[in-house]
Amino acid sequence: MKREVELLAPAGSYDIAIAAINAGADAVYLGGENFGARANAENLKTEEIIDVLNYAHLNGRKVYLTINTLLKNKEIKNDLYDFLRPLYENGLDSVIVQDIGVLLFVKKYFPELKIHASTQMTIEGKETVKWLKNLGAKRVVLPRELSIDEIKDLKGTDIEIESFVHGALCYCYSGQCLLSSFIGGRSGNRGRCAQPCRLPYDVLYDGMLINESDEKYILSPKDICALYLLPDIIDAGVTSLKIEGRMKKKEYVCGVVSIYRKYLDAILDGKKFEVDENDIMLLMDLFNRHGFNESYYYTKNSREMISLKEPAFREENREYTDYLRDKYSNKILVKPLNINVKCKVGEPFEIFGEVDDEELKVEGAVVEEAQNMPLELETLNKHVNKTGNTDFVFADIEYDLDDNTFLPVSEINDVRRKYLDLAYEKALAKFKRECEEVEETKQEEECVETEDRIITVSVSSFDQLKETLSRDFVDRVYIDLNLFPFDDVLNGMELVKEGNRKVYLALPYVARKDDIKIIKDDYLKLIKQSDGVLIRNIEQYFYLKDLVDIDFVFDYNVYVWNDETKDYFKDFNVTSTVPVELNEAELIDRGVNGEEFIAYGFIPMMISANCAFKTLNRCEKNNDRYALSDKINNEFVVRCNCRHCYNVMYNCNATSLFKFKDDIEKLNPKSIRISLTNESAKLSSQVLDLTERAFVAGELVEDLPNTTRGHFKRGVL
């Protein structure tokens with residue numbers, strides 16, 4: 001029967017891609033040598049991807065390419081087209097993208113290529129899904145954090161929905177993690193995450209250790225196994241069941257695929273759905289982190305989702321892995337063909353038939369009359385049927401053979417080989433494409449002199465607000481709804497207005513269905529009294545844009561890394577915030593005219609649905625804070641947003657770029673932002689003093705001690 005739901009498997013290498021297809025995957029997703037979110041996987045060369053494409057297409061399967069990272073200007077301009085072109089021409093089924101600039105580039109130059117919006121886009125609501133569909137996306141890959149009910153809410157958007165059902169679970173919302181980037185220069189947005197979440201941490205509250213010595217792995221979730229939930233997930237509208245694991249071994253991938261194939265087929269065939277516990281044990285044998293969880297489908301967050309314990313050595317189930325290796329390795333799938341063989345005296349020897357409903361015929365030498373031993377049907381059949389290691393098998397052969405014929409065996413073999421070669425070409429011909437050459441265009445950065453550059457300050461407490469309003473040079477104040485006590489927001493807004501400053505509201509980092517309801521019920525009346533909002537999830541923008549006539553500023557995590565994305569967002573009439581992972585040279589190439597630049601602040605490292613307080617059974621829903629201390633005693637402050645039920649983990653050191661004020665001003669930003677989050681009134685005052693000296697008085701100053709310059713000089717690979 002036609003498969004209505006896709007089983008999608010990871011492939012970190014050529015061998016794994018073949019094994020996954022053999023094990024029953026309807027499609028595989030893999031990375032090439034550039035631009036994938038698993039840069040440390042083996043990945044595949046272009047020639048290997050084409051070989052996988054051909055094998056998949058001959059057997060009715062699909063191949064998706066990951067370009068699910070953020071791209072710099074030079075990469076889109078110089079590398080992306082040449083990387084994609086041979087894959088597009090050979091029938092690549094889709095690309096999975098994170099970067100809006102990449103999406104637009106693919107749509108323009110590779111119009112027949114389907115686009116899947118990556119989970120790295122942090123797709124949390126219906127408005128974002130509609131936008132992506134209108135941009136040309138055929139599928140959205142949902143964040144793991146969405147519930148069954150939230151997924152059901154997307155049904156009416158008429159787009160393919162892909163959701164994770166097995167494999168590793170990130171602690172952070174997809175696309176919102178900078179921890180690996182800032183502590184080691186290996187960015188998750190560039191496919192190089194070093195997985196610091198899998199390391200041990202002390203949890204500190206008021207300076208006191210609150211987790212047990214055997215519960216240090218507080219950021220390390222157990223792996224997902226949603227096998228029991230497959231009927232519910234499919235009923236919710238999911239059309240592609242995704243298995244995570246491009247860093248996993250072949251035996252893991254084909255083992256997981258084969259088990260999920262078994263149960264998906266049962267569902268699609270209308271059979272009774274009942275999970276065999278032996279299959280769960282086999283999945284455990286393949287890989288687990290202290291057991292499994294069922295992701296966020298029915299759980300907001302919980303202690304049961306987190307490993308807590310140090311990873312233990314698992315004894316290999318050698319018998320099972322040997323079985324998987326033997327059964328699914330190498331190219332074992334073949335395409336059946338029906339052929340006719342004509343061997344008539346005085347006429348050319350022929351093999352003919354249909355390949356995908358198209359006629360194919362190969363003629364050989366003229367058949368002679370036998371002088372001694374005539375060609376027997378058994379001999380002819382033996383040599384015609386030698387399909388060997390090809391991608392075909394002759395399922396049905398009809399012979400038209402005279403009784404007294406002679407034909408050399410070499411001629412039979414030659415015609416058979418030619419027929420199989422042509423059958424291969426014809427079967428794949430429908431997947432081939434042509435593409436247009438790229439027209440070279442030189443984009444000039446529009447030079448806008450910013451004589452009225454302004455200073456903006458984001459505040460999280462009344463103490464910080466009072467310090468900010470005592471400075472005449474501050475033009476705009478962001479009241480951070482993520483941290484500022486909600487009951488005090490209106491009073492804070494009135495203070496800002498009394499000080500003749502513009503007041504903006506910095507919205508929460510999460511914008512799921514319930515969060516948008518909170519905006520509607522509680523924030524909207526405040527937003528209408530503000531001068532603008534700081535958007536931290538694009539769902540917020542699409543919800544608000546037709547409801548209010550105010551300014552919109554995209555925060556740094558609404559990623560605008562390249563000219564393609566910048567040019568697109570010009571029509572939105574918004575101000576973007578300069579990306580925090582690009583270095584100075586890359587920002588010069590990209591241009592910063594008209595944007596906002598963060599010169600100081602504790603940059604958020606993680607936005608997480610899980611919470612250490614909840615994990616340690618200490619949740620009191622009081623917007624409290626705690627700290628995570630790593631093995632070298634770096635302390636990362638974590639703030640709870642209990643109203644929206646998520647955590648924000650901040651860098652252990654504030655980014656401070658006052659020393660580089662000349663370099664920043666040469667970039668020509670429209671505004672300079674100072675972000676105050678965890679600072680005391682005293683420290684806030686020191687920061688504002690430096691701001692005035694550097695960006696108002698133009699003095700050369702030194703940065704505060706125990707701060708970092710972030711990526712401004714180093715950037716990420």
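Is glutamate 378 buried or exposed? Glutamate 378 is exposed, at a relative accessible area of 65%. The cut-offs are under 20% for buried and over 50% for exposed, with partly exposed in between (1.4 Å probe, protein chains only).

This is a predicted model: local features need pLDDT of at least 70, side-chain atom pairs count only at pLDDT 80 or more, and totals for chains, interfaces and linings use all residues. Residues are numbered from 1 along each chain as its sequence is written, and side-chain values use heavy atoms, with hydrogens and water left out.

**View 1. Glutamate 378 in helix α13.** Helix α13 covers residues 377-384 and holds glutamate 378. Helices (H or I, at least four residues) and strands (E, at least two) are DSSP runs, numbered from the N terminus. Serine 302 is 76 residues from glutamate 378 along the chain. The C-alpha atoms of the two residues are separated by 68 Å.

**View 2. An open sheet of 6 strands.** The strand order is β9-β8-β29-β30-β31-β28, with antiparallel pairing. The edge strands, β9 (208-209) and β28 (604-608), each pair on one side only. Two strands pair if DSSP finds at least two bridges between them.

**View 3. The β29 and β30 pair.** Strand β29 spans residues 625-629 and strand β30 spans residues 635-641. They pair in the antiparallel sense over 5 bridges. Leucine 628 stands opposite phenylalanine 636 in β30.

**View 4. The largest cavity.** The structure holds 6 cavities of 30 Å³ or more. The largest has a volume of about 280 Å³. On a 1 Å grid over the protein atoms alone, a cavity is a set of points where a 1.4 Å probe fits but cannot get out; lining residues have an atom within 4 Å of a point. Grid points are joined across faces, edges and corners, and a volume is the space filled by probe spheres set on the points. The lining of the largest cavity has 22 residues, with Met121, Ile538, Asn557, Val558 and Tyr559 nearest its centre. Elements α6 (126-135) and α19 (563-569) each give two or more residues to this lining. Helix α6 gives the most, with 3 residues. By class, the lining of the largest cavity holds 12 nonpolar, 8 polar and 2 charged residues. Ala, Val, Leu, Ile, Met, Phe, Trp, Tyr, Cys and Pro count as nonpolar, Asp, Glu, Lys and Arg as charged, and the others, Gly among them, as polar.

**View 5. The second largest cavity.** This cavity holds about 140 Å³ of space. Of its 15 lining residues, Pro579, Val580, Phe597, Ile598 and Leu657 are the closest to its centre. The lining of the second largest cavity divides into 11 nonpolar, 3 polar and 1 charged residues.

Methods:
1 Å grid on protein atoms, 1.4 Å probe; cavity = no way out; pocket = protein on both sides within 12 Å on 5 of 7 lines; lining within 4 Å.
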